[in-house]
Amino acid sequence: MYKVSIVDDEKSVCDELGKLLSDYGTEHGVEFSVNQFIGADTYMAAHDDDSDIIFLDIDMPGINGMDLAKEIRKTRPNVILIFCTNLEQFALNGYEVEACGYIVKPIRKYSFDFYMEKSLKRLWRDRKMDGGGGGKIYIKAIEGRRCVCVRDIGYVEVGRHKLFYHTYKNGIADEVIQARGSMQETESLLAPFGFIRSSISYLVNLAYITEIRGNEVYLPETVLFMSRNYKKPFIEAFMRSVAEDGIVVK
C-alpha cells in the first residue's frame, strides 16, 4: 500500500489524478491510499507527514506549489514530488526541490504511467533498503576502517586484488571506497541484506536494480555484466525480491 497526496486548487484535476491512480493500480496490481487537498493551504493545515508520493500543482492561490515543495523538503527529504501543472516554464525549477518529474496538463496517461513506474521503483528500492539493509558494516578500507551504511552500497567490485565498494546517495553515484578483503567473505557478510553475485567480479544490491536486459544489469548510472554461470540464480533472486513487495515486472 502506497499513500498518495494530490494538491491542486481544481477539484476536477484532483479527481482526474485519482482516476489515473485507480486505473494504474488495477493494471499493475498496486494498492494506493489517496487523499485530495484543494489548495496548498488545505494541505498545510492537514499536517501530512507520511505520504509516499505527492502530486503538486504550481499555480495555486496563496502558497504556490514550488514554495510548498520547499517547505515539504525541510522535513521530508525523501518523499517523491511530482509536479502536475500547465506552467511549462517552471519545469527546470523542479531540480531545486529534487522533484521526480513534471507532468504538463492536460494530463496524458503515457506521461502519468511513466512517472508512476519511476516512482514505484524508487519506493520499492527505498523500502527494501530500510527493511533489510538499514544496518552498518565495517570495511577494511585502504585508508583505514570505515563504517558504511549497507543501504548506501549499490554494488561491490573485485579487481587488482582489491574490493571497490560503489556507494550511492539519493540514487546518484557517490563514492568508491577501495578496501582489502575477499569477495567470498564480503558475499557472506552482505547476502542477508539482499546482495547477490551477477558474475565473478560483481556483488549487486538487488534494491538498486532498475532493469535486467540480456546479460546486462542496470543500476543508476551503471551497467554491470551478468555471466552465464550466475544468470539463473541472480534473476531468480531478483524476481523473488520484487514479488515480495507486490510489484510485477513485465
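## Close-up views of a predicted model

View 1. C84 counts as buried, at 1% relative accessibility; buried means under 20% relative accessible area, exposed means over 50%, and partly exposed lies in between, with a 1.4 Å probe and protein chains only. For C147, the closest cysteine sulfur is in C149, at 6.5 Å, again too far for a bond. C147 is partly exposed, with a relative accessible area of 40%.

A note on reading these views: this is a predicted model, in which local features need pLDDT of at least 70 and side-chain atom pairs count only at pLDDT 80 or more, while totals for chains, interfaces and linings use all residues. Residues are numbered from 1 along each chain as its sequence is written, and side-chain values use heavy atoms, with hydrogens and water left out.

**View 2. The whole protein, for orientation.** Of the 250 residues in the protein, 45% are buried. Among contacts with a separation of 6 or more, 57% join residues 24 or more positions apart; contact means heavy atoms within 4.5 Å.

**View 3. The parallel sheet of five strands.** Here 5 strands form an open sheet with parallel pairing, in the order β2-β1-β3-β4-β5. Two strands pair if DSSP finds at least two bridges between them. At the edges are β2 and β5 (101-104), each pairing on one side only. From one strand to the next, the twist averages 20 degrees; such angles run from 0 to 180 degrees between N-to-C directions, with axes fitted to C-alpha atoms, for helices over the stretch in contact. Look between β4 and β5 for 4 parallel bridges, where F83 has Y102 in β5 as its bridge partner.

**View 4. Strand β1, covered on both faces.** How many of the residues of β1 (residues 2-8) are buried? The count is 7 of 7. Y2, V4, I6 and D8 are buried on one side, and K3, S5 and V7 are buried on the other. In a regular strand the side chains alternate between the two faces of the sheet. β1 pairs in the parallel sense with β2 (residues 32-38) over 7 bridges, and I6 stands opposite Q36 in β2. The chain goes from β1 through helix α1 (residues 11-28) to β2 in a right-handed β-α-β crossover; right-handed means that, with the strands pointing away from the viewer, the path from the first strand over the helix to the second runs clockwise. β1 also pairs in the parallel sense with β3 (residues 53-56), over 4 bridges, with L56 in β3 as the bridge partner of V7.

**View 5. Helices laid on the sheet.** Helix α1 lies across β1, β2, β3 and β4, running at about 170 degrees to β2. Helix α3 (residues 65-75) packs on the sheet and touches β1, β3 and β4, its direction making about 175 degrees with that of β4.

**View 6. The nonpolar cores.** The largest nonpolar core has 24 residues, and those with the most contacts inside it are L17, F32, F55, F112 and M116. Such a core is a set of buried Ala, Val, Leu, Ile, Met, Phe, Trp, Tyr and Cys residues joined through side-chain atoms within 4.5 Å. At least two residues of this core come from each of β1, α1, β3, β4 (80-85) and α4 (109-132), and α1 gives the most, with 6 residues. Beyond its neighbours within four places in sequence, F32 is in contact with M1, Y2, V4, L21, Y24, G25, M116 and L120.

**View 7. The antiparallel sheet of three strands.** In this open sheet, 3 strands pair in the antiparallel sense in the order β13-β14-β15. β13 (211-213) and β15 (222-225) each have a single partner strand, so one side of each is left without a neighbour in the sheet. Neighbouring strands are turned by 25 degrees against each other on average, direction ignored. Between β13 and β14 (residues 216-219) there are 3 antiparallel bridges, and Y218 in β14 is the bridge partner of E211.

Terms used. A disulfide is a pair of cysteine sulfur atoms within 2.5 Å.
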